[in-house]
Amino acid sequence: MEYKLRPHIYPIVMTIIFVLFMNVVVDYFGGVSSLYLLVLLIAVVFALIRFRFHIYDENLVYEILIFGKSIVKQRIFPEDISQMKFTRIGWAKKAAKIKVNKGFNVRLAVLEPPKAYDHLIEFAKKHDITIVKTKDYLILERMK
């Protein structure tokens, strides 16, 4: 199954960085138009970053895409996973962290649709992966 990560913070952060950088450019360089275009281009590229997560029967795939092209693709096999930790972020959103033996850990926050976390738990149970659920996460599960 394919799931999308929708981090709502990136457009906000990119807008703040753009505004701050534009103030620096105007103050120090007198408003050079080529720098305006460069900063705008960088902001657009960062705004177009997308994240995708696949749950297959035998592995997990985490992708980072720009303009629909995969720039980072991490394939995670069950034997590479030491544990999956499920937590709560914000007021009522679920998150998961896949701790990998070698390589970078994968943090899955704001997966769409939220049933993805249930599929991730099923994957972990099927492959005998250690599951850790925080107290806050258990509260969210009871709220269903």
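At 41% relative accessibility, Leu40 is classed as partly exposed, since the partly exposed class lies between the buried limit of under 20% and the exposed limit of over 50%. The structure is a predicted model. Leu40 belongs to helix H2, which covers residues 33-47.

Leu40 is also one of the residues of a nonpolar surface patch, together with Leu37, Val44, Leu48 and Phe67. The accessible area of these residues together is about 460 Å².

Strand S5 (residues 81-89) pairs with strand S6 (residues 93-100) in the antiparallel sense, and eight bridges connect them. Within this pairing, Arg88 has Lys94 of S6 as its bridge partner. The two strands form a hairpin in which three residues lie between S5 and S6. Gly90, located in the turn, has a positive phi of about 65°.

S6 also pairs with strand S7 (residues 106-109), again in an antiparallel arrangement, through four bridges. Here the bridge partner of Ala96 is Leu108 in S7. S6 and S7 likewise form a hairpin, with five residues between them. In this turn Gly103 has a positive phi, of about 110°.

Four salt bridges are present in the structure. In one of them, the side chains of Arg52 and Glu2 meet at an N to O distance of 3.7 Å. Arg52 lies in strand S2 (residues 49-55) and Glu2 in strand S1 (residues 2-5), so this contact ties together parts that are 50 residues apart in sequence. Both partners are partly exposed: Arg52 has a relative accessibility of 23%, and Glu2 has a relative accessible area of 41%.

Arg52 also meets the side chain of Glu63 in a salt bridge, with an N to O distance of 3.9 Å. Glu63 is located in strand S3 (residues 60-66) and Arg52 in S2, so the pair ties together parts that are 11 residues apart in sequence. Glu63 is buried, its relative accessible area being 8%, whereas Arg52 is partly exposed.

## The Glu141 and Lys133 pair

A further salt bridge links Glu141 with Lys133, whose closest N and O atoms are 3.0 Å apart. Glu141 is partly exposed at 23% relative accessibility, and Lys133 is partly exposed at 29%. As for shared partners, salt bridges join Glu2, Arg52 and Glu63 into one network.

Methods: Residues are numbered from 1 along each chain as its sequence is written. This is a predicted model: local features need pLDDT of at least 70, side-chain atom pairs count only at pLDDT 80 or more; totals for chains, interfaces and linings use all residues. Side-chain values use heavy atoms; hydrogens and water are left out. Patches are made of residues with over 30% relative accessible area and no salt bridge: like charges are joined within 9 Å, nonpolar side chains (Val, Leu, Ile, Met, Phe, Trp, Tyr) within 5 Å. Accessible areas come from the Shrake-Rupley method with a 1.4 Å probe; for residues, only the protein chains shown count as cover. Buried means under 20% relative accessible area, exposed over 50%, partly exposed in between (1.4 Å probe, protein chains only). Two strands pair if DSSP finds at least two bridges between them.
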